[in-house]
Amino acid sequence: MKSRTKYPVSEDELRKIFGAAGLGELQSHRHMTNGWFNTVVDVTTTQGEYVIKIAPPPSVRVLSHEQNMLAQELHFYDLLRENGIALPQVYHSDFTCTLLPCHYFIMEKLQHKLRDNKAEHVQQLKDKFRGIKGTGFGYEQLGLEANWHLGFRSMVQALVDDCAAFSKPCRKGEKLLKMIDKHRDILEQVQPVLVHSDLHAGNLFWHNDKATLIDPERCFWGDWVCEYVLTGLPKHATANEKIRWRLFCCYGALVNFTEKYSRYHPWNIIWWMDVFGQIFFWRPI
């Protein structure tokens, strides 16, 4: 997927990066096109097979919660390993912007997509994330708040401010802020847990006899119901949990609404997917 946030790394740059990392001489490489934000390249060297993940250059304007997101990903890799979650090994990282004008890290290549019992493995990981307790709410890179009302509100306000930075109105964001304030009492009851926010079978591989997770870059501390935007809440959810879930569905739509300004041109199909996707999420609460 073409995006303005993706750095067009060259073969010569890859050769220098892997040589400097001591990971062998470049033999072949293939750009992986399914990502929408970072540049991800499948690389084979004389020492093995790897994946390199490259953040947007500092000159590219990204959303507030996307700043320094690659460093956040490595941070959450460490935290998740400490909590018994299988992840690919990271072999090398560089945040100096010397060989590339970008942050990047090199990790183990996972060979096999998860094929069987996908829903079961996804649910197991959701349960594990729900067991990782936090001390505040929101994105760490934006600063944590004392409760979910304030944390959630700060996440939405950041998107409203991002729209303003692109000289775009954000009436839906303003509407969502009012809905968050309306349900303040419900939101303040939430206990902070780690939320992956993109936990689905596409981010799971079968590796070393374990379901192995990738892409924790968008993790934040929040409400456990946020992990169910893609699948819907469990049947036993309470009325308050359904309200909280619907509010976060609106947040997901607001992210899509806002991120198109930093990533795509209006003639890109993803721009229009983001536009028409709003119809589903913005229902009265």
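These legends describe close-up views of a predicted model.

**View A. Packing of helix α5 against helix α7.** Helix α5 covers residues 171-182 and helix α7 covers residues 239-263. Their axes lie 11 Å apart and pack at an angle of about 160°. That angle makes α5 roughly antiparallel to α7, because angles over 145 degrees count as such. The crossing of the two helices, α5 and α7, is left-handed.

**View B. Residues in the contact of α5 with α7.** From α5, the residues K172, G173, L176, M179 and I180 take part. They meet L247, C250, Y251 and L254 of α7. By type, the residues of this contact comprise 7 nonpolar, 1 polar and 1 charged.

**View C. Helix α2 and the residue G84 after it.** Helix α2 runs over residues 69-82. Its 14 residues, at 1.5 Å a residue, should span 20 Å, and the end C-alpha atoms are 20 Å apart, so the two values agree. The buried residues of α2 are M69, L70, Q72, E73, L74, F76, Y77, L79 and L80. An α-helix has 3.6 residues a turn, so residues three or four places apart point the same way. Just after α2, G84 has a positive phi of about 80°.

View D. Leaving aside neighbours within four places in sequence, T45 is in contact with F18, L23, G24, E25, L26, Q27 and Y50.

Conventions: Residues are numbered from 1 along each chain as its sequence is written. This is a predicted model: local features need pLDDT of at least 70, side-chain atom pairs count only at pLDDT 80 or more; totals for chains, interfaces and linings use all residues. Side-chain values use heavy atoms; hydrogens and water are left out. Axes are lines fitted to C-alpha atoms, for helices over the stretch in contact, and angles run from 0 to 180 degrees between N-to-C directions. Helices (H or I, at least four residues) and strands (E, at least two) are DSSP runs, numbered from the N terminus. Angles under 35 degrees count as roughly parallel, over 145 as roughly antiparallel, 65 to 115 as roughly perpendicular and the rest as oblique. A crossing is left-handed if the near helix is turned anticlockwise from the far one by less than a right angle, and right-handed if clockwise. Contact means heavy atoms within 4.5 Å. Ala, Val, Leu, Ile, Met, Phe, Trp, Tyr, Cys and Pro count as nonpolar, Asp, Glu, Lys and Arg as charged, and the others, Gly among them, as polar. The expected span of a helix is 1.5 Å times one less than its number of residues. Buried means under 20% relative accessible area, exposed over 50%, partly exposed in between (1.4 Å probe, protein chains only).
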